[in-house]
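The report below goes through one protein model, from single positions to helix packing and sheet pairing.

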Amino acid sequence: MSDAATTAKTARESLARGLSALQSDPNVPPQLLELAAPIAQAMGALHQIERSGGTQLAPHAELALNNVRSALSQLQAQPSQHPAVVGAMEAVAGSLALVHSLAKMAQAPAPQAAPPQPQYQQPPPQPQYQQPPQQQQYQQPPQQQQGPTAFQRPSQEAFQPTQAQPQYAPPQQQQYQPPPQQAQGQAPNAQPANPFGATAVVSDVPVVNADLGAHSPTNFYKGLSGNDIIDHGGLFVSTYRIPKIGTPVRLKVALPGGYEFEANAVVRWSREQSDEGNDAPPGFGAQFTEITPEARQLVYRYVRNREPLFHDDF
């Protein structure tokens, strides 16, 4: 990993600590949650530099620097008595020097490439000498055989057509096969067993109820790889019964106003109660895999009235 990629990774991890300090405290005022947006955008730009191995500094380094400066200025304008503000400010300020060094690397002129060396070109192939075609030797025509040229009739043979006589074969009697015996305790109308020996397996997808309100711990989340809730995020379900990562689930979502919808999803990440060391609720994040257009519009209307969570999905 290059120096630019290592610097981008260190700065992104520092910003992630500041973002966690804002989102994990349930007593954070709503105006402080708006500061998560520039921090998340700066983390996304730093991830692009890290993923490219430090080759794509422009324009991601300048974008990350502007967002870090904006987040730090807004944090400094907030009252410093809140513990979340202090923790977020220290993390963002610690990443500012690293992001500034990345911006200087992006402004440095790129080294000029050496002129290409002329390649050796092989001389064109010389035409090969072709011998003239040999003249065909004269061949005398075949001599005709001596003898009469009259048409000789073949000797008449007695033509006796032979007709194949059909042989009579008596039909074979079919052997009686007894019907299959029914298993004990099986209903008369039960379906027969699969003749191929395969067993039908039906996978049970667990159904998870998710109730969302104005201040519920369950909320939609948005990742750093994009801004769309459905395509680059999902639903964080606050629960102590956390499925394994990769488990498919059926979400039954209840929204304010009596709106409900169901959608298929898969568990992408989880948060245990002792992971953060604070009051962050435990649960898991599920990414949608199948959702109707009507349910998609309900999700968009909900997030317009309530800011979604941010999750570092890189």
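In which strand does Ser270 lie? Ser270 belongs to strand E5. The model is predicted, so to speak of local features a pLDDT of at least 70 is needed, side-chain atom pairs count only at pLDDT 80 or more, and totals for chains, interfaces and linings use all residues. Residues are numbered from 1 along each chain as its sequence is written, and side-chain values use heavy atoms, with hydrogens and water left out.

**Overall composition**

The protein chain has six helices and seven strands. Helices (H or I, at least four residues) and strands (E, at least two) are DSSP runs, numbered from the N terminus. Read from the N terminus, the order of elements is α-α-α-α-α-β-β-β-β-β-β-α-β. Of the 314 residues in the protein chain, 31% are buried. Here buried stands for under 20% relative accessible area, exposed for over 50%, and partly exposed for values in between (1.4 Å probe, protein chains only).

Twelve residues separate Ser270 from Pro282 in sequence, and their C-alpha atoms are 7.7 Å apart in space.

Ala93 is located in helix H5 (residues 83-107). Why does Ala93 count as partly exposed? The reason is its relative accessible area of 39%. Between Ala93 and Ser73 the sequence separation is 20 residues, and the C-alpha to C-alpha distance is 9.9 Å.

**Helix packing**

Two packed helices are described by the angle between their axes and the distance between the axes. Axes are lines fitted to C-alpha atoms, for helices over the stretch in contact, and angles run from 0 to 180 degrees between N-to-C directions.

Helix H4 (residues 60-76) and H5 have axes that come within 8 Å and cross at roughly 155°. H4 is therefore roughly antiparallel to H5. On the scale used, angles under 35 degrees are roughly parallel, over 145 roughly antiparallel, 65 to 115 roughly perpendicular, and the rest oblique. The contact of H4 with H5 has 16 nonpolar, four polar and two charged residues. In this classification Ala, Val, Leu, Ile, Met, Phe, Trp, Tyr, Cys and Pro are nonpolar, Asp, Glu, Lys and Arg are charged, and the others, Gly among them, are polar. H4 and H5 cross in the left-handed sense; a crossing is left-handed if the near helix is turned anticlockwise from the far one by less than a right angle, and right-handed if clockwise.

H3 and H4 pack with their axes 8 Å apart, at an angle of about 155°, and are therefore roughly antiparallel to each other. The crossing of H3 and H4 is also left-handed.

**Nonpolar core**

The largest nonpolar core contains 34 residues. Such a core is a set of buried Ala, Val, Leu, Ile, Met, Phe, Trp, Tyr and Cys residues joined through side-chain atoms within 4.5 Å. Leu15, Ile39, Leu46, Val92, Val99 and Leu102 have the most contacts inside the core. Helix H1 (3-24), helix H3 (36-51), H4 and H5 each contribute at least two residues to this core, and the largest share, eight residues, comes from H3.

**The sheet**

Seven strands form an open sheet with mixed pairing, in the order E1-E4-E5-E6-E3-E2-E7. Strands E1 (207-211) and E7 (309-311) are the edge strands, each pairing on one side only. From one strand to the next, the twist averages 45°. Two strands pair if DSSP finds at least two bridges between them. The table lists pairings in the sheet.

| Strand pair | Sense | Bridges |
|---|---|---|
| E1 and E4 (residues 248-255) | parallel | five bridges |
| E3 (residues 233-238) and E6 (residues 283-290) | antiparallel | four bridges |
| E5 (residues 259-271) and E6 | antiparallel | seven bridges |
| E2 and E3 | antiparallel | four bridges |
| E2 and E7 | parallel | three bridges |

Asp211 has Ala254 in E4 as its bridge partner. In E6, Gly283 stands opposite Ser238, and Glu290 is the bridge partner of Asn264.

Strand E2 (residues 219-223) has five of its five residues buried, so this strand is largely enclosed by the rest of the structure. Asn219 stands opposite Phe236 in E3, while Gly223 has His311 in E7 as its bridge partner.
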